[in-house]
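Trainee: Can we walk through this model together? I'd like to see how each label gets decided.

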Amino acid sequence: MRNKSPFHIFIAIFLIITVAGCTSRQKIEATLFGGGEGEEVVDITASAIPGTSQDFSVNVGDRIFFATNSTDLDEDAKSILQRQSSWLELYPDINILMEGHADERGTREYNLGLSARRAEVAKSYLENLGISGNRITTISYGKERPVAACGADACWSQNRRAVSAVVTIN
């Protein structure tokens, strides 16, 4: 097998995160990491123990995305939050931290406020689906924790998000 550049590794990780966040029980081919035809298909969901943070992020989806300067939930975001709600109903002893994020444009203060509203919108949607607000803590990171860094919408769109992180099991 030939060596992979950091760019190829980044693309592979991005594809895995995208696929895992968009669907449940998705099989990801080993060819993302340089495999070839006829190589084994790796089912990363098989190694996720039910009720764990890995199960949550891989099989449910742990992040939703927003349009520029928006806190509106699109249909994809609502679908992911509905899956999160169902999963949280299965595991009533688990709490989550709802992280709000923004892209790098705008002032620090504006982005902290925007990302706080994004986290609150996601929390409220889960509450409306029957999840107790006591199980969800929110935090605003603004533009301080980007997952992608470049000056283009391809990166900015990944940074405009709310992430549900499993934090406690009571």
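Trainee: How exposed is Cys-150: buried, partly exposed or exposed?
Mentor: Bear in mind that this is a predicted model, where local features need pLDDT of at least 70, side-chain atom pairs count only at pLDDT 80 or more, and totals for chains, interfaces and linings use all residues. Residues are numbered from 1 along each chain as its sequence is written, and side-chain values use heavy atoms, leaving out hydrogens and water. Buried means under 20% relative accessible area, exposed over 50%, and partly exposed in between (1.4 Å probe, protein chains only). Cys-150 has a relative accessible area of 28%, so the label is partly exposed.

Trainee: And Cys-155, buried or exposed?
Mentor: The relative accessible area of Cys-155 is 11%. That makes Cys-155 buried.

Trainee: Which residue does Cys-150 pair with in a disulfide?
Mentor: A disulfide is a pair of cysteine sulfur atoms within 2.5 Å. Here the S to S distance is 2.0 Å, and the partner of Cys-150 is Cys-155.

Trainee: What is the handedness of that disulfide?
Mentor: Look at the torsion about the S-S bond of Cys-150 and Cys-155, which is about 110°. The disulfide is therefore right-handed.

Trainee: Switching to helices, at what angle do the axes of helix 3 and helix 4 cross?
Mentor: Helices are DSSP runs (H or I, at least four residues), numbered from the N terminus. Axes are lines fitted to C-alpha atoms over the stretch in contact, with angles from 0 to 180 degrees between N-to-C directions. For helix 3 (residues 75–90) and helix 4 (residues 108–128), the axes come within 9 Å and cross at roughly 55°.

How values were computed: Helix = DSSP H or I, 4+ residues; strand = E, 2+ residues; numbered from the N terminus.
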